[in-house]
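Please open the structure in your viewer and keep the selection tool at hand. The stops below each begin with something to select.

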Amino acid sequence: MTDTATPPPATRPSMALLVTLQRNRLSWIGLALIAAIVVMAVFAPLLAPHDPIKQNIIHRLEPPSAEFLLGTDSYGRDVLSRIIYGARISLMIGFVAVAIAMVVGSTIGILAGYIGGLFDQIVMGVVDVMLAFPTLLLGLMIAAMLGASLENLIIAIAVTEMAPFARVARAPTIGLKEREFVAAGRVLGFGPLRIMGVHILPNMVSDVVVLGSLWMASAIRTEASLSFIGLGVQPPTPTWGGMIREGFENILTAWWLVVFPSLAILLTVLALNILGDALRDAIDPKLRSENAA
Amino acid sequence: MIRYSVKRLLLAVPTLLAMLTVIFVLARLVPGDPAIAILGDQATQESLQALRQQLGLDRPLHEQYVAFLGEVLTGDLGRSMTSGRTVLEEVWQVLPYTLELTAAALLIGVLFGLPLGTWAALRRNAWPDYAGRLISLTGLSFPGFVSAILLLLAFAVQLRWLPVMSTATSDPVDHLRNLALPALNLGIIMTAYITRVTRSSMLSVLGEDYIRTARAKGVRGGRLVLRHALRNALIPVVTVVGLYFGTLIGNSVLTEIVFTRPGLGKLILGALTSRDYALLQGLMVVFAAFIILVNTLTDLAYGLIDPRVTYD
């Protein structure tokens, strides 16, 4: 694995987003989809036509109809309402896990880059090992050991995604700490914490945030996968992966139980990937020149 | 080349040690008393004590760590608490299925991904390029189990072309029919990865001076692409395929669960449901060893393809 040695220009994330939207039509679709899903999650109680948890055995396993647009599950619960509420869990876990990974990961990266020496070697050695370990297996191991719950799921996903943030934060730190403005700060008597936080950190915020949007897709995918295996948020709370897990038992007779939550996961991850990809293109100077050509 | 290989092999040793350490720490994350977690809170004090002794939990942590390293390095990965067989015995039984699946997926990925990626790069910013990019991004967005379930619904449940469940069989045709859907599922994801890398790698190679020189000399068409461009473009592709091997393993776990196919994935699921922490820990060591092996082989292949690569 190679370091990206030259620090990319410090563009503000909001500027990058604007540039991206201007240049890349596809990213509009990504942004619109994400906005729709966020609205769905926030206004779930208003949008959901039925109670997502209350069981209604009379209506069990009904195919899609006018009353139940996406059908009902084996407890007679409305699939559409459960998908709408499921968006809350997916987005919340994705967001919180990536936020934790982002803060802890980039702190580790900046510290390693700033302190250097043996500390840097040991820390980055561990980071490389974490990178080499498949996200799903690492998450699975942590979630299995800690036990299935919302908090543990967030911890498991956050831990698996710290390594890339550490890498991205470390590389520019090494270059930045030799620069004049950092030396000036030292001469003025600023402590290392202030230099790292006030002088170095702002220079890499855009990179870290773009990486965050890319890894959010991965976090949601991991959450769905772990929920499918049975290590996710426990029933009856609706989660997309958990719905597929339950619906899988009836796959021969009730296709709607697995198809609609699958589409929800796919669309969310795809939208985040489209947007993240376009953002990366806008920020990475190498890709930028490629796009201009 | 020999110097490079030896150095690369030596480099795998600290990585292995670090991975084993990570696994050791992870395996001790079980909150509370693992013995109670395994036997349940109805268990008698004697049986709890016996299990603690058997697992070495009554010893101090550093002793447990040294013992764990020693066991792993002598090839003792522990024993499944439910079946009583050693972890290696369990793994040997199902390994051929997983290897067969990943190899088939890799083959599909190379067969479709290389031409698709090359085509997209040659027709840059025209419809093959947009189509290729959208398809590969969609492929990358699928969690392995979602695509598996959709394939299962389409080809096994609706069209009834292929079996819903994979069962052990000695008939080679049935064997291939069992393999088809799981391999297709992983193959699609692999194709997406390879298409993407091939495209960007081809794009950067096609912009190089020597390609322009070759064009100026009158080399064109297939010869230019195959002999001049693709060969150099392959180097990053090989690396990325090696790096994505971990993702491939993760997805194969999900695929095996969906198609109820024997393999490492089903073994993991079984260990999870029966709270067989010993088997789980052993399996993680096996996965770690695999990943290090593949990463090392990838780097060695890298040195073979590109004579400029050295370690200094």
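This is a predicted model: local features need pLDDT of at least 70, side-chain atom pairs count only at pLDDT 80 or more; totals for chains, interfaces and linings use all residues.

**Chain B as a whole.** Of its 312 residues, 37% count as buried. Among the contacts in chain B between residues at least 6 apart in sequence, 73% join residues at least 24 apart.

**The side of chain B that touches chain A.** Now show chain A as well, and select the residues at the contact between the two: 36 residues of chain B meet 37 residues of chain A. On the chain B side, at least two residues each are supplied by α1 (2–27), α6 (127–141), α7 (144–158), α11 (245–258), α12 (264–273) and α13 (277–305). Which helix gives the largest share of this side? It is α1(B), with seven residues. Colouring by residue class shows 29 nonpolar and seven polar residues on this side of chain B, and no charged ones.

**Two helices of chain A.** Next select residues 79–115 of chain A, which form helix α4, together with residues 162–176 of chain A, which form helix α8; their axes come within 7 Å and cross at roughly 35°. The crossing of α4(A) past α8(A) is right-handed. To see the contact itself, display side chains including Ala101(A), Val104(A), Ile108(A) and Ala112(A) on α4(A), and Met162(A), Phe165(A), Ala166(A) and Ala169(A) on α8(A). The residues of this contact divide into 14 nonpolar, five polar and two charged, and Arg167(A) and Arg170(A) of α8(A) are among those taking part.

**The largest nonpolar core.** For the last stop, select Leu140(A), Met141(A), Met162(A), Phe165(A), Met190(B) and Leu283(B), which have the most contacts inside the largest nonpolar core, a set of 158 residues. The largest share of this core, 17 residues, comes from α4(A), the helix already seen crossing α8(A). Finally, centre the view on Leu140(A): leaving aside residues up to four places away in sequence, Leu140(A) touches Leu226(A), Ile229(A) and Leu231(A).

Terms used. Residues are numbered from 1 along each chain as its sequence is written. Chains are lettered from A and ligands numbered from 1 in the order in which they are written. Axes are lines fitted to C-alpha atoms, for helices over the stretch in contact, and angles run from 0 to 180 degrees between N-to-C directions. Helices (H or I, at least four residues) and strands (E, at least two) are DSSP runs, numbered from the N terminus. A crossing is left-handed if the near helix is turned anticlockwise from the far one by less than a right angle, and right-handed if clockwise. Two residues are in contact if their C-beta atoms, placed from the backbone, lie within 7 Å. Ala, Val, Leu, Ile, Met, Phe, Trp, Tyr, Cys and Pro count as nonpolar, Asp, Glu, Lys and Arg as charged, and the others, Gly among them, as polar. A residue is buried if 20 or more other C-beta atoms lie within 10 Å of its own, exposed if 12 or fewer, and partly exposed in between; C-beta atoms are placed from the backbone. A nonpolar core is a set of buried Ala, Val, Leu, Ile, Met, Phe, Trp, Tyr and Cys residues joined through C-beta atoms within 7 Å.
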